[in-house]
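Dear colleague,

Please find the structure below, handed over for your own work.

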Amino acid sequence: MQPAPTSPIVTNIMLKLGIRARILFLILAATVLPLLLMDLYWVNSQQQSLLNNARATQVSVTENVGNQVDNFISRKVRALIIHSQSPSLQFFDINKSTLEIDALLFQDKDITKAALVDRNGQEVVSIKNDLKPDVPKNVKNTDAFRAASYLSGKEYISPVLIDASGRPSITIAVPMVTFTQPQDLSNLSTAESGVVRGSQDIKGMLIVQVSLDSLWSNVLLPASRDHGYAYAVDSQGTVIAHPDNSLVKMHKDFSAVPIVNLFKSNIDKTAPDNRTIAANSEKNVLVLATFQKVAATNWGVIFEEPMSSIYQSVNNSLGVSVALAISAIVVMGLLSLSLSRYITNPILLIARTTKQIGQGDLSARITRIAKDEIGELSLDINNMAGNLQEYIGRSETQRHRIEAILNNTVESILAIDGDGKITIANNSTVKLTGLRIDKIIGKQIEDIFKWQKQNNPFSIDFFAPGTQVYDELAYTNPTGALHDVKVIVVRPTEFQSAAQAIITIHDETESRELEKMKIDFVSLAAHELRTPLAAVRGYLDLISYQGGANLDEKIKHYVDQSRTSVVELGDLIGNLLNVTRIERGTLALTMSKIDLADCAVQSVQSLQFNAAGRNIKLSYNGPTTGSFMIGDEVAMREVLRNLVDNAIKYTLPNGVVEVTLSDRPQHYVLTVKDTGIGIPAKALPHLFTKFYRVHGGLESGSRGTGLGLFIAKSIVERHNGTIGVVSKEGEGSVFTITLPKFESVSLTQAQAAAEQSNIRRKRGWITKNIAR
Ligand code: ADP
């Protein structure tokens, strides 16, 4: 299910609030909210019950007041009816009537004036409540007279009149009729008072003015209590009694007041649906108001009470409960704060510590560890930090070690990234370049290193796959120091390495210098030895040839031995000189068109004697002429003689040595095959290096120099040829030379290449015990 998307504003607020504030907020919400809701519910139900109580009270108060008003009027009317049956009045006996009316006034203090009126509307007796007779008037045209005599013959109750002193009063007129049969006067109602067929049945009437003062002060005013008060309106909605008497004096129309309006609209109903409403009063105060109709007069008695006072008790307790709620919020807030601190402190501590660890302070640890899940988390984090510290420590040590190795390595070692920028450089690089390390790291390798090979600029492809070796390069550093270097570029392929290439620079300046000094020394020594040796050889020759037969056999033998040793020494010196020439690059060759077949034949022939001496069969297979090539004839013959000589030397008697020359499209192949002692496999890779000898003290008496094959290889390579060997110990060896044909080489090119030096040895390049 998809979680409901949280609004970004809420997320923002939550982020800003932080965990502690959120927990605080949640706890407060969880505790205070129900409290507030309960409070609200309580207030609401309290208000409701207060309202219900107030409504019930108002209904009973208004009913009670209404009944009292009704009784008040009804009693007056009934009293008048009873009096109207008095014979004195009915016969208009003035004296007796005066007494009767006096009695009426005396009995009822509310009656302010009473008059006996004849059927023509003429007052016969008129007395005020001070019992003084009033001047009789004709009241024929008054509402009271007319209503009572013509309309129904019933008693008449006037609207409320306000006299000059502001007092309310009503006029009641009771017609005098003759009862058809004796009645229980005490229970008479006006309608039952007699038979009225028409105005002729009415003998006259009693008209009284009744002051309502006592009614208001005895009935309405006591009903007013606390903040509630009662008032009365007539059927038109005009106020007829009110605590504020000025309204009554003004005949204030209350029709627009909602409760009065309600009363008026229900005036004809005996049982109205609703007599209570909460609405604005005449003074625009929200009140609860109830009306009650007064049956006798169609007046409305109204009781109203401001809502605020109804709710007063709740409002009072509301204040208390708000105060309680606020203190609950404060207490809960404090509790939640300490709870949220209790919950979040360890989390914040963890957050702070992990941040520290993240920023590299691996020694940071969570110090307070609770015995709960958070405590376990803290322990785990501490352990993790410990392991990390240990791991980083180990790799730091490793790094230091590697750094130490790198920095103490004689070779300059560098690493470059994919863009050719230098990322690592060791101390030797600093020494080699003469630059500070910060001037090297981050720089393009081409900007720091400019190579030269044989005085020409040379560029290295640092991104060639595998391992590339670049020999004999020269590098001049910014201080102008020239270095002979060998560069090895390794491109790691096995794993995704940050370094795209690792470059090792061997500074060979010193070793080459040393090598040069050695060569110079050997060359000097050889040169210096040559002259005395030549002299010794000359004298020995002299003794040998001139002394001749005169010499003692023994002495002759010694002289011959000495001569052979001197020749061998001469060979050695000659070879040493040639080696120095090769190494200095000064070996001089005289290139011309030569016949390789001829060279081969000559070489084989010149050694037939040696072979025969060792009882070895030496043969040649191939053309005897016409195999042309560009080369130095003497040098070529030397090479061939050396190979054949070796083959004879390292083949035991009765062996076979076979020289073969064959033709390929571009080159000649010359092989020297023997059935000799062979060469051990482990010696083969070193065979063509200087001074290397496999069979040093050979029983055949070989006393070679270990230089022949080295010189042979150099000469063949100078002819752009190759030399190689296949051999098996005890079975024999095959030396193979390939040399380019005449057609494939330009003579001038070859000559130019060879004309580096004119130094030429009379006795050839490879000198061995051939002279023996
Ligand atoms: P030298 O013959 O003067 O010792 P070379 O350079 O000509 O020096 O030969 C080097 C070594 O190679 C020899 O000492 C020998 O042990 C070995 N060698 C050369 N040719 C042969 C061969 N045909 N059979 C066996 N060993 C050979």
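**Overall description**

The accessible surface of the chain amounts to about 42100 Å², and carbon and sulfur atoms account for 56% of it. Please note that this is a predicted model. The chain has 772 residues, of which 41% count as buried. Its secondary structure consists of 18 helices and 25 strands. Among contacts in the chain with a separation of 6 or more, 62% are between residues 24 or more positions apart.

**Surface patches**

D372 is placed in the loop between α9 (312-358) and α10 (373-407). Its relative accessibility is 31%, so D372 counts as partly exposed.

There is also a nonpolar patch on the surface, formed by I19, L339, Y342, I343 and I347. Together these residues have about 430 Å² of accessible area. Helix α9 provides the largest share of this patch, with 4 residues. I347 is located in helix α9. This residue is partly exposed, because its relative accessible area is 30%, and the partly exposed class lies between under 20% for buried and over 50% for exposed.

**Salt bridges**

A search of the whole structure gives 22 salt bridges. Several of them are described here.

Within helix α10, E390 and R394 form a salt bridge, with 3.2 Å between the closest N and O atoms. The two residues are 4 residues apart in that helix, which means that about one helical turn separates them. R394 has a relative accessibility of 48% and therefore counts as partly exposed.

A second example is the salt bridge between K741 and D663, where the closest N and O atoms are 2.7 Å apart. This pair links distant parts of the chain: K741 belongs to the loop between β25 (732-740) and α18 (747-754), while D663 belongs to strand β22, and the two are 78 residues apart. With a relative accessible area of 11%, K741 is buried, because buried means under 20%.

K728 and E731 form a further salt bridge, their closest N and O atoms being 3.9 Å apart. Both K728 and E731 are exposed.

**A buried loop residue**

Is T651, which lies in a loop, buried or exposed? The loop in question runs between α16 (633-649) and β22 (656-663). T651 has a relative accessible area of 0%, so this residue is buried. Which residues is T651 in contact with, leaving aside its neighbours within four places in sequence? They are R614, I616, V656, V657, D674, T675 and G676.

**Points to inspect**

- the nonpolar patch to which α9 gives 4 residues;
- the surroundings of T651, including its contacts with R614 and D674.

With kind regards

Technical notes. Residues numbered from 1 in each chain as written. Predicted model: local features only at pLDDT ≥ 70, side-chain atom pairs only at ≥ 80, totals over all residues. Heavy atoms only, no water. Buried < 20%, exposed > 50% of the residue type's maximum accessible area, 1.4 Å probe, protein only. Contact = heavy atoms within 4.5 Å. Areas by Shrake-Rupley, 256 points an atom, 1.4 Å probe, with all protein chains shown as cover. Patch = residues over 30% accessible without salt bridge, like charges linked within 9 Å, V, L, I, M, F, W, Y side chains within 5 Å. Salt bridge = Lys/Arg side-chain N within 4 Å of Asp/Glu carboxyl O.
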